[in-house]
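Colleague: Could you walk me through this model? I'd like to hear about pockets and salt bridges.

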Amino acid sequence: MAGNRVGSDQEARIADGERMKVVAIIQVRAGSTRLPNKAFLPLAGKSMTQNILERVKRASKINEVVLAFPHTGTDADTTFADLAVRCGVDYYRGTGIDENDLVGRYLAAAKCFNADVVVRIPGDNPCVEYNAVDAAIDEYLRVPYSFYSNTTAQVGSVAVDGIGAEVFSLSRLKWLDRITEGCALHREHPHRYFEECQHEYGNGIRFWNGGEAVRLDVNAQEDYDCIAEIYSHFN
């Protein structure tokens, strides 16, 4: 594979066919500024977070599902923990980690659950598809890439954002933690570094590069209203 191989211990082991522990980590928080408490907003009688957890659990290539949230000292901490237990998944409370530091939260959660391969799924993607998650893991393990994403993917003739996952190794995440130190933008948006530096990696990174896509993520009230209609229609 072409590209930068720094920090790729797990990637080398994957290339040798060694079995890896695959952990899906779903990031959530209650403190969204554009749409506060969106993680708890209802979709077809369940919270957005519960819907995401149930959809991700259907993926067959994942060994463990973890709900990762910041330790805020508020009722949201207990609500997230209770929800994870109710859905039969593990959870990680990011004690001592800034809630905007997603690289730090993902790394701590990955270490806590002994992940070799990390599957990143944002908590604002309520239409995530288990078969798209499985496809991302399969493709990552087949090559492997330094970083693979099909969060935006082609569905028939339409590009759709919010249905897949990002996949990378624990060693790659440790490496990202080192090189993004002090950069708030890349700490909060782990994929941004890879997006911006694709030219340095050759074929080592896979993103959707086909232009504009239909968005199925929830960032603002109008996004939620649209997704709520979709859930209401299809239940």
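**Pockets and salt bridges**

Modeller: Happy to! Lys38 and Asp124 are both buried (under 20% relative accessible area; exposed is over 50%, partly exposed in between, with a 1.4 Å probe and protein chains only). This is a predicted model, where local features need pLDDT of at least 70, side-chain atom pairs count only at pLDDT 80 or more, and totals for chains, interfaces and linings use all residues. Residues are numbered from 1 along each chain as its sequence is written, and side-chain values use heavy atoms, with hydrogens and water left out.

Colleague: What do Lys38 and Asp124 form with each other?

Modeller: A salt bridge, with the closest N and O atoms of Lys38 and Asp124 3.6 Å apart. The term means a side-chain nitrogen of Lys or Arg within 4 Å of a carboxyl oxygen of Asp or Glu.

Colleague: Where in the chain do the two sit?

Modeller: Lys38 is in the loop between β1 (22-27) and β2 (42-43), while Asp124 is in the loop between β6 and α5 (130-142), so they are distant parts of the chain, 86 residues apart. Helices (H or I, at least four residues) and strands (E, at least two) are DSSP runs, numbered from the N terminus.

Colleague: How many salt bridges does the structure hold?

Modeller: There are 13. One of them joins Asp177 and Arg187, at 2.8 Å from N to O. Asp177 belongs to helix α6 (residues 170-179) and Arg187 to helix α7 (residues 184-188), so the pair ties together parts 10 residues apart in sequence.

Colleague: Is Arg187 buried or exposed?

Modeller: Arg187 is buried, at 12% relative accessible area, whereas Asp177 is partly exposed at 23%.

Colleague: Switching to pockets: what volume does the largest one have?

Modeller: About 940 Å³. Of the 34 residues lining the largest pocket, the closest to its centre are Pro122, Asp124, His189, His191 and Asn219. On a 1 Å grid over the protein atoms alone, a pocket is an open set of points where a 1.4 Å probe fits, with protein on both sides within 12 Å along at least five of seven lines; lining residues have an atom within 4 Å of a point. Volume is the space filled by probe spheres set on the points, which are joined across faces, edges and corners.

Colleague: And how much space is in the second largest pocket?

Modeller: About 260 Å³. Its lining residues include Lys46 and Glu54, which form a salt bridge with the closest N and O atoms 2.7 Å apart.
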